[in-house]
Structure formats: structure tokens, C-alpha cells
Amino acid sequence: MSETTNVAIACQGGGSHTAFTAGVLETLLEECDWDEEYELVGISGTSGGAFNALAAWYGLVTAGPETAATLLNEVWRDLSADGYSDRWLNSWLMTLNKMESSGVPMPQLSPYQMPGRELGKERIREVLAAHIDFGDIPDYCRRENPELVVGTVNVNAGVFETFVNEDVTAEAVLASAAVPNLFEAVELNGHLHWDGLFSQNPPVSDLMHQPPERKPDELWVVQINPQELDGEPTTIEEIADRRNELSGNISLNQELGFIERINDWVEDGTLPADEFTKTAIHRIEIGERFHCSTKLDRDPDFLAELMDLGRDRAAEFLDGR
């Protein structure tokens with residue numbers, strides 16, 4: 001019987017704040033012994049968390065942990081505002097967002113009314129394609145490799161939908177990041193898809209449905225949305241931001257609560273231990289609150305700050321084990 005600990009990692013979404021997750025994953029990939037102590041059996045993500053899950057998975061299955069850590073850095077470097085015009089545009093958008101959150105009336109436009117509305121989506125597509133050969137993904141979806149899970153919402157059917165392993169395409173990742181007030185919906189399999197932040201943020205249940213020998217002994221959740229809030233949201237943007245946080249966290253806590261209930265039933269003998277396994281849940285939380293407008297901030301210094309914070313939180317997590 002293998003003495004390695006089966007680990008699944010779930011990466012919550014949260015726009016630019018998920019650069020934090022890249023720092024977390026980088027440290028976990030570099031510092032954990034993935035040969036003797038741990039085995040990664042699955043990794044999932046929603047929205048920006050999907051970028052991280054994909055980059056980590058692809059680097060692992062094609063070359064190994066060091067390449068995966070490097071790939072995470074390269075993806076976020078390329079997603080950051082680069083060059084004078086891009087930095088100016090990012091700064092201008094941040095100024096508008098802060099004005100709006102301060103109560104300054106701003107015109108509201110649908111993403112279908114915005115000029116150049118597909119530019120952001122195309123930028124993401126180009127960055128991912130520069131580092132990920134999506135055509136090769138099916139070749140690496142083998143039993144011995146981790147499961148890859150990307151979360152979206154099926155707008156037409158009104159249900160959460162995941163894309164697993166060979167079904168993870170560039171379009172699926174773009175759909176996972178298609179925030180409704182910023183991007184047009186992405187059509188997949190004859191249905192329109194939006195950002196998976198509405199529910200199962202991040203996907204967990206798919207990570208648990210694996211063969212007995214691949215069942216996670218531990219689930220590591222990288223949580224972007226703060227669990228608690230001091231004070232009262234008062235502006236429209238603060239209210240919307242907290243509502244978004246609650247939507248993601250409540251669905252996440254429901255899924256984790258179900259796992260904990262199974263653990264209790266195994267512990268007290270309600271479920272036979274030879275058929276059901278316990279899964280320990282660990283959270284790596286961002287632990288700091290950033291202004292809601294910064295979820296769109298691609299300033300390289302801000303993203304670097306978030307990645308450094310992720311490295312620190314991951315180191316604290318490993319030190320505490």
C-alpha cells in the first residue's frame with residue numbers, strides 16, 4: 001500500500017486576486033516532496049483559479065513541478081499590464097472603478113454594447129495559447145496523472161457545469177472567466193456559458209469522485225474570498241462584491257460540509273471504513289481584504305504583491321503541518 005498522501009487542490013476564483021493562488025501553488029510545487037510524500041490526484045479551478053489550475057496541471061504532466069511553478073509565473077507575467085499604453089489603460093480603468101465605488105455616477109453598459117468588447121477575451125486566449133498546447137491535453141489525461149477540472153455556469157440550462165480532463169479547451173477556460181458584466185457569454189456544445197463564480201467556486205465534488213486508490217486523503221482549498229467581513233457594505237459596488245463573495249463561499253462551505261459529514265459517518269461507523277475514506281480539509285486563505293476594484297487590476301507590482309503573499313501563506317501552511 002502506498003504511503004504517499006493523495007492530495008487534491010481546489011483554486012477559488014476572484015479576478016486578479018487569484019495571482020495570490022499562483023504564489024501559493026508555486027511554493028507548494030517547489031517545497032513539497034511529490035515523489036515520496038505527496039501525490040497530486042486532482043486540481044480544479046474557477047475563473048482566475050482555472051488559469052492557475054490549468055498552468056499547474058499542464059506543467060506537471062508535461063515536465064514536472066519545477067516547470068509547473070515556472071509556467072505559473074510566466075502566465076501571470078503575460079497577463080499583467082505590459083508596456084506604456086497597456087499600463088495607462090489599466091490605470092485609467094482602475095480610476096474609473098474607484099470613482100464608481102465612491103458613489104460617482106457612471107454610465108452602465110452591457111458587455112455587448114462596449115467597443116472592442118472581445119479584446120480582453122482575446123488577450124487571455126493569446127496568453128494561454130502561448131504556454132498551453134490545448135491539442136495535447138487529451139494525450140496527458142492518463143490514469144496516473146491528476147484530474148483537471150474547470151468550472152462554468154450553463155446560462156441556458158441554469159446549472160453549474162464542469163469540464164474535466166480532455167474536455168478542458170481554451171473555450172472552456174474562457175467560459176470559466178466570462179464575468180457577465182464584462183464579457184459576452186461563451187458558447188460551448190450549443191449552450192452559453194458564464195463565469196463559474198455563481199456556484200461551486202471552486203469545483204470540489206469532481207475531485208472526490210475518483211477510483212478508491214485515487215481518492216484524496218487531503219483537500220487543499222486556496223480561498224480568495226474572505227470568509228468574514230467587519231463593518232457594513234454601503235456602496236453598490238461593495239454590496240455587489242460582498243454578495244459575490246458570499247455566493248462563492250456559501251456554495252464552497254456546503255460542499256466542504258458534505259465531506260466533513262462523510263468523515264463523521266466513517267469515524268462513528270455509520271459508513272464502513274473499508275469502502276469509504278476520510279478526507280482532511282485544509283484552507284490556505286488570502287487573509288487580507290483588498291478593495292473590490294482591484295479584482296480587475298493588472299498592475300505588475302500589484303500582481304507581484306499578491307504572488308508574494310501567496311508564497312508566504314503557502315510557507316505558513318507547510319510550516320504548520
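Mentor: Start with Cys32. Its relative accessibility is 9%, so Cys32 counts as buried, the limit being under 20%. Now the bonding. A disulfide is a covalent bond between the sulfur atoms of two cysteines. A search of the whole structure turns up 0 of them.

A word on confidence. This is a predicted model. The mean pLDDT of the protein chain is 88. Residues at 70 or more make up 89% of the chain. Among the elements, helix α1 (residues 19-31) has the highest mean, 98. Helix α4 (residues 83-101) has the lowest, 67. Where pLDDT is low, the predicted coordinates should not be read in detail.

Leaving out residues up to four places away in sequence, Ala22 touches Asn52, Leu72, Trp76 and Met307. There is also a spacing to check on screen. The C-alpha atoms of Ala22 and Ala53 are 8.9 Å apart, while 31 residues separate the two along the chain.

Next, the nonpolar cores. The largest has 66 residues. Ile9, Leu28, Ile43, Leu54 and Trp220 touch the most other members. Helix α2 (residues 48-62) contributes the most to this core, with 9 residues. A second, separate core has 12 residues, including Ala8, Ala10, Leu207 and Leu219.

Take Leu54 as an example. Set aside its neighbours within four places in sequence. Leu54 is then in contact with Leu128, Ile132, Phe134, Ile137, Leu148, Val168 and Val173.

Finally, the whole chain. The protein chain has 9 helices and 8 strands. Of its 321 residues, 50% are buried. Consider contacts between residues at least 6 apart in sequence: 77% of these join residues at least 24 apart. The accessible surface comes to about 15400 Å². Carbon and sulfur atoms account for 51% of that surface.

Back to your cysteines. The search for disulfides still gives 0.

Technical notes: Residues numbered from 1 in each chain as written. Predicted model: local features only at pLDDT ≥ 70, side-chain atom pairs only at ≥ 80, totals over all residues. Heavy atoms only, no water. pLDDT = per-residue confidence, 0-100. Helix = DSSP H or I, 4+ residues; strand = E, 2+ residues; numbered from the N terminus. Contact = heavy atoms within 4.5 Å. Disulfide = S-S within 2.5 Å. Buried < 20%, exposed > 50% of the residue type's maximum accessible area, 1.4 Å probe, protein only. Areas by Shrake-Rupley, 256 points an atom, 1.4 Å probe, with all protein chains shown as cover. Core = buried A, V, L, I, M, F, W, Y, C linked by side-chain atoms within 4.5 Å.
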